[in-house]
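Keep the structure open beside you as you read.

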Amino acid sequence: MKEDHCLHAALICLGMLYYSHAITAEKLNHTRPSLHGHHEKGKEGQVLHRSKRGWVWNQFFVIEEYTGPDPVLVGRLHSDIDSGDGNIKYILSGEGAGIIFVIDDKSGNIHATKTLDREERAQYTLTAQAVDRNTNRPLEPPSEFIVKVQDINDNPPEFLHENYHANVPERSNVGTSVIQVTASDADDPTYGNSAKLVYSILEGQPYFSVEAQTGIIRTALPNMDREAKEEYHVVIQAKDMGGHMGGLSGTTKVTITLTDVNDNPPKFPQSVYQMSVSEAAVPGEEVGRVKAKDPDIGENGLVAYSIIDGDGMDMFEITTDYETQEGVVKLKKVLDFETKKSYSLKVEAANVHIDPKFISNGPFKDTVTVKISVEDADEPPVFLKPSYIFEVQENAASGTVVGKVHAKDPDAANSAIRYSIDRHTDLERYFIINAEDGNIKTIKALDREEIAWHNISVFAVEVHKQHQEAKVPVAIKVVDVNDNAPKFAAAYEAFVCENARSNQQFITISADDKDDSANGPRFIFSLPPEIIHNPNFTLRDNRDNTASVLVRREGFSRQKQDLYLLPIVISDGGLPPMSSTNTLTIRVCGCDSNGSLLSCNAEAYILNAGLSTGALIAILACIVILLVIVVLFVTLKRQKKEPLIVFEEEDVRENIITYDDEGGGEEDTEAFDIATLQNPDGINGFIPRKDIKPEYQYMPRPGLRPAPNSVDVDDFINTRIQEADNDPTAPPYDSIQIYGYEGRGSVAGSLSSLESATTDSDLDYDYLQNWGPRFKKLADLYGSKDTFDDDS
């Protein structure tokens, strides 16, 4: 179809006028007249032949939101081949064909079966074709056409937001832009005035206005004051159809807040402030507060305070509390009621940030007078110095004066002062102070080498007012005296080789002194006068607080002497000097040719053919282990427990016991003497319990034990109950016991036939011999008496 359009462009151009007329007719009648094909000459005079076009096609229109009872006729398709005999069949395909749009296959009429909404879809593209009804053979090429949905004003304007929030500075000029609100209309903006919007203000006049075409809200009154009213509520309407009657509309709310500007200076609510402060107040203590009110907020309401004049400028200062916007007057120096009793200050409050636009409103500051009176206070004593430092020599005699402290009462009464030492700072009680004059003395000798500085505290208290107290630190330095002799700096032990050469140095020693450096170095090293000519060793002072020990001769032998003790005298540089004699231990060792130590033990010569040291250690270790095993074995044997009750013969009968606790197992049965359950004839005396130790030996009561020949079960049990009740060693709990004794004697005699053979009987059983062989065994058993008699 597109190729046909290109080839017949001239035909289309010639038919434009007719198309225009057809559109008008379609809008009125929704029908399409036919158009016959023709031919025309080309650019070069050539005749262009084309197939006959049988469709009249253009855009169809249907109005949206149609709600009539019958389908809407959109238009009619007709081919010039159609002669009206019904042999041509029209077929419709494309967007919405058969669902939204249906065609009468005979007449070519197109109907819309559903209500259309332009806002959902503005147009549909369909394809029509004419075919032979009998053979379905296409008679014309398919042709596309468009069905447009014509708009109606069925959508009201809608704002982007239901609520708007905007800010504008207070005192803004008239016409200052505040905010722009925007509404949209879903109707077709290209058709009619359905989407042409006009804005108007419903609420918020006369403070604000809105531009009808743009929706820009502007201020309408000058000098709007935030301090008078801060927030405004404005309602804006958007109406379509250009604002004319019949148009649809929508509204939105706009909350407009006036922002603050610095248009108000600070003001003090009063002209004079009265304050008071005690002379006992310390510097930095708050005296009082002033506040200048500024109705502005934020940084526009910030106020800074300063003292610009007055006789108290040197004694007081003022700072700004930015949280409360107050000026805080503080004490700068210590006050004295006896010297000056009142002060006056001139305080200024000024805005921190000033807006040049409103500078003409006047100076943005204010001043106020602050009068401060000094109150008299009962002050504690005051020491003449904030701290004291004294010196005293160590080892000074008890009662030596260290120094003196002094305090006075600053009040006019000038009360007497008493002094004392804080014993928490002098736990060892090295010092004492005179309560009246403050002289500090020693109680016992001081040792600088133990404590070089003593830091104590001294109290000063008014005699008549014990609560008025002052405290001062006193540092006492213990001055050193030369009371410690120098000693070896370490525990030296020297080694010299057997093959050492003469004048060979083998060790360097140094010294240490507990005294101060003034009474210590330089150290002088020497040998005592009596061994200054020692034949073995000599000493050389290096004059740098060290000394070297040298070999005087050659050839030492460990077998002859393996240890030498060399006394060395060390003197310090104090006045007067002190000295001490220190002994240096020197061992003779075997060395190789390079002087490296090999062995220092003299026993090496004796044990060289015997066992090595490692073998001896191993043997000793084995002996120690064996001894430990034997000791453990003996200890375990001694700790083995004996049974609580000793039985002559083991009784295998049950012992039923009620347990109060868990554990113990079979060992718990030893807590009871099972012998008490035996025949009383077999009991030999009282058997004590072994699980507890009785406080006294319990003896059975003689009247409770029955005679051996008259014992019965009832008596036996009653006797045992009485013994258990009166036994102090009995356990404090019940037990169930099975008694193996059944009693003796019975008036009925024994029912057993086992003893009948050994007892005399009056019955004659000889008749059993006549009962035949079946009773022969019985006859032999009971008739055995005669047999035995015969045999005897």
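A residue counts as buried when its relative accessible area is under 20%, as exposed when that value is over 50%, and as partly exposed in between. Keep in mind that this is a predicted model. With that cut-off in hand, look at Cys 497: its relative accessible area is 12%, so this cysteine is buried.

What does Cys 497 pair with? Its partner in a disulfide is Cys 591, and the two sulfur atoms sit 2.0 Å apart.

Is the link of Cys 589 and Cys 600 left-handed or right-handed? The angle about its S-S bond is 100 degrees, and the link is right-handed. Cys 589 has a relative accessible area of 0%, so it counts as buried.

In total there are 2 disulfides. When the bonded cysteines of the protein chain are numbered in sequence order, the pairing reads 1-3, 2-4. One more cysteine to look at is Cys 622, which is partly exposed because its relative accessible area is 47%.

Strands E36 and E42 come up again when we turn to charge. The side chains of Arg 587 and Glu 493 form a salt bridge, with 2.6 Å from N to O. Arg 587 is in strand E42 and Glu 493 in strand E36, so to speak a link between distant parts of the chain, 94 residues apart. Arg 587 is partly exposed, with a relative accessible area of 30%, and Glu 493 is also partly exposed, at 39%.

How many salt bridges are there? The count comes to 19. Among them is the one between Asp 311 and Lys 340, whose closest N and O atoms are 3.6 Å apart. Asp 311 lies in the loop between strand E21 (303-310) and strand E22 (316-321), and Lys 340 in the loop between strand E23 (326-331) and strand E24 (342-351), so this contact ties together parts 29 residues apart in sequence. Asp 311 is partly exposed at 43% relative accessibility, and Lys 340 is partly exposed at 31%.

Another salt bridge brings together the side chains of Glu 227 and Arg 226, at 2.9 Å from N to O. Here Glu 227 is partly exposed, with a relative accessible area of 27%, whereas Arg 226 is buried, at 9%.

Finally, have a look at Glu 286, Arg 289, Asp 321 and Glu 326, which are linked in a network of salt bridges.

Notes
Residues numbered from 1 in each chain as written. Predicted model: local features only at pLDDT ≥ 70, side-chain atom pairs only at ≥ 80, totals over all residues. Heavy atoms only, no water. Disulfide = S-S within 2.5 Å. Buried < 20%, exposed > 50% of the residue type's maximum accessible area, 1.4 Å probe, protein only. Salt bridge = Lys/Arg side-chain N within 4 Å of Asp/Glu carboxyl O. Helix = DSSP H or I, 4+ residues; strand = E, 2+ residues; numbered from the N terminus.
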